[in-house]
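Subject: Structure handover

Hello,

Here is the structure I promised to pass on. Please have a look, then read my notes below.

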Amino acid sequence: MVTDNRSIFVIVPGFNEATVIRQTVEVLLQKNYSVIVVDDASTDTTRKTLSGLPVFYIRHVANLGQGAAIQTGIHLALKKNAQYIVTFDADGQHDVNDIERMINLLQHENADIVFGSRFLPGAASNLHLTRRLVLKTARLINYLASGILLSDANNGLRVMTREAALKIRITENRSSHNAQMQNLVKFNKLKYAECAVNVSYSEYSRRKGLKNINSIRILYDLILFKIFR
Amino acid sequence: MIPIQIVLISAVVFIAFYMYLRLRSSLLDAILIFLFCAVAVFFILFPDMTTKIAQWLGVKRGINLVFYCITLFFFFLILKLYSRMRRLENKFTEIVRENSLNRAEDLADKKDEIV
């Protein structure tokens with residue numbers, strides 16, 4: 001019962017990811033997914049690197065943050081009649097084969113949204129111990145903020161149905177968008193599931209991705225999000 | 001009147017006047033500004049009154065009470081400013097998003113561009 005892959009839209013938000021984004025996108029295109037790259041005002045050659053590939057390219061004229069980039073991508077995907085919407089990190093840490101498994105789970109469980117998880121049994125990842133501890137703590141804090149407890153609250157890989165995407169409207173531009181998304185899932189009483197996904201941290205994504213120290217910033221954003229909703 | 005009182009009172013009057021001109025305020029704003037100004041001038045002229053009020057409230061010295069009030073006021077101000085900032089940011093986001101969606105392109109057509 002797998003639908004035409006062209007109606008599955010993968011949103012790849014990226015900020016200065018020119019060195020890796022083409023590779024990430026090419027793998028997605030091999031699976032025939034529709035790809036939307038949201039360039040969050042990169043100052044590198046992201047657009048040039050991608051030219052020639054059949055992807056939808058949107059560029060923010062000013063840097064807004066990952067949450068905002070995902071929301072912009074959702075807008076375009078809905079406009080293009082996407083049936084399923086996937087969010088996928090640009091740095092290549094996710095495994096493209098997980099998307100299919102997540103969509104199967106979504107259909108099988110009749111869920112509205114499936115979150116990827118690095119911590120469910122069956123997930124392979126090469127996380128550092130400190131990173132693991134930080135993520136475990138983040139999970140609890142996210143639970144307090146959003147009201148739903150996920151085994152991995154800050155995973156960039158998610159699949160949602162068109163109907164869910166219409167209800168999830170991210171207004172938290174920066175790092176607290178994860179919590180906000182889960183909050184909206186609870187608020188709209190959407191049915192969610194989790195799926196074990198593989199994550200491979202390259203030296204690149206370690207260097208580029210969120211550093212542990214940034215979790216303090218995320219916490220700060222989260223508190224503001226709770227106060228000023 | 002001691003020199004510091006002259007300095008403070010002229011500053012308060014100047015600021016109030018400036019605010020009134022700048023905001024082109026409604027009558028209510030004008031009254032509020034005038035009230036604030038009057039209270040400030042009153043306490044500048046009779047600083048011992050703050051101590052009286054403070055002791056009535058159970059605080060030792062007037063200056064401590066003023067300090068507490070200012071702290072609370074600033075905290076309130078920061079919250080107000082922050083929520084305004086967030087509203088502005090939301091508008092800004094909408095504009096940037098609208099703009100980017102209008103200019104969305106399919107890069108497959110851009111093959112001829114120099115890679």
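How many of the 115 residues of chain B count as buried? The answer is 4%. Buried means that 20 or more other C-beta atoms lie within 10 Å of the residue's own; exposed means 12 or fewer, partly exposed is in between, and C-beta atoms are placed from the backbone.

First, the ground rules. This is a predicted model, where local features need pLDDT of at least 70, side-chain atom pairs count only at pLDDT 80 or more, and totals for chains, interfaces and linings use all residues. Residues are numbered from 1 along each chain as its sequence is written, while chains are lettered from A and ligands numbered from 1 in the order in which they are written.

Confidence

The model scores ipTM 0.82 and pTM 0.80. Chain B has an average pLDDT (the predictor's confidence in each residue, from 0 to 100) of 87. In chain B, 93% of the residues score at least 70. Within chain B, H4(B) has the highest confidence, at 92, and S1(B) the lowest, at a mean of 87. Helices (H or I, at least four residues) and strands (E, at least two) are DSSP runs, numbered from the N terminus.

Chain B

Chain B has 4 helices and 1 strand. Along the sequence the pattern is α-α-α-α-β. The radius of gyration of chain B is 26 Å, whereas a compact globule of 115 residues would have one near 13 Å. That radius is taken over C-alpha atoms, and the globule rule is 2.2 Å times the number of residues to the power 0.38. The C-alpha atoms of chain B fill a box of roughly 80 × 35 × 30 Å along the principal axes. Of the contacts in chain B with a separation of 6 or more, 28% are between residues 24 or more positions apart. A contact means that two C-beta atoms, placed from the backbone, lie within 7 Å.

One residue to look up is B:Val59. B:Val59 sits in the loop between helix H3 (48-57) and H4 of chain B. Is B:Val59 buried or partly exposed? B:Val59 is partly exposed, because 17 other C-beta atoms lie within 10 Å. Not counting residues up to four places away in sequence, B:Val59 touches B:Ala54, B:Asn64 and B:Leu65. B:Leu21 is 38 residues away from B:Val59 along the chain, and their C-alpha atoms are separated by 37 Å.

Chain A

Chain A comes to 9 helices and 7 strands. Its radius of gyration is 16 Å, close to the 17 Å that the globule rule gives for 229 residues, so chain A is as compact as a globular protein of that length. The C-alpha atoms of chain A fill a box of roughly 45 × 40 × 35 Å along the principal axes. Of the 229 residues of chain A, 49% count as buried. Residues 24 or more positions apart make 78% of the contacts in chain A with a separation of 6 or more.

Now the strands of chain A. Two strands pair if DSSP finds at least two bridges between them.

- S1 (residues 8-14) of chain A pairs with S4(A) in the parallel sense over 4 bridges. A:Val10 stands opposite A:Val86 there.
- S4(A) and S6 (residues 158-161) of chain A run antiparallel, joined by 4 bridges. A:Tyr84 has A:Thr161 as bridge partner, and A:Val86 has A:Val159.
- S5 (residues 113-117) of chain A and S6(A) run antiparallel, with 3 bridges. A:Ile113 is partnered by A:Met160.

Both faces of S4(A) (residues 84-87) are covered: A:Tyr84 and A:Val86 on one side, A:Ile85 and A:Thr87 on the other, all buried. In S6(A), A:Arg158 and A:Met160 point one way and A:Val159 and A:Thr161 the other, and all are buried.

Where the chains meet

The contact takes 22 residues from chain A and 19 residues from chain B. On the side of chain B, helix H4 (62-102) and strand S1 (105-106) each give two or more residues. H4(B) gives the most, with 10 residues. That side of chain B divides into 6 nonpolar, 5 polar and 8 charged residues. Here Ala, Val, Leu, Ile, Met, Phe, Trp, Tyr, Cys and Pro count as nonpolar, Asp, Glu, Lys and Arg as charged, and the others, Gly among them, as polar.

Strand pairing also crosses between the chains. S3 (residues 56-59) of chain A and S1(B) run antiparallel, joined by 2 bridges. A:Phe56 has B:Asp106 as bridge partner.

Best wishes
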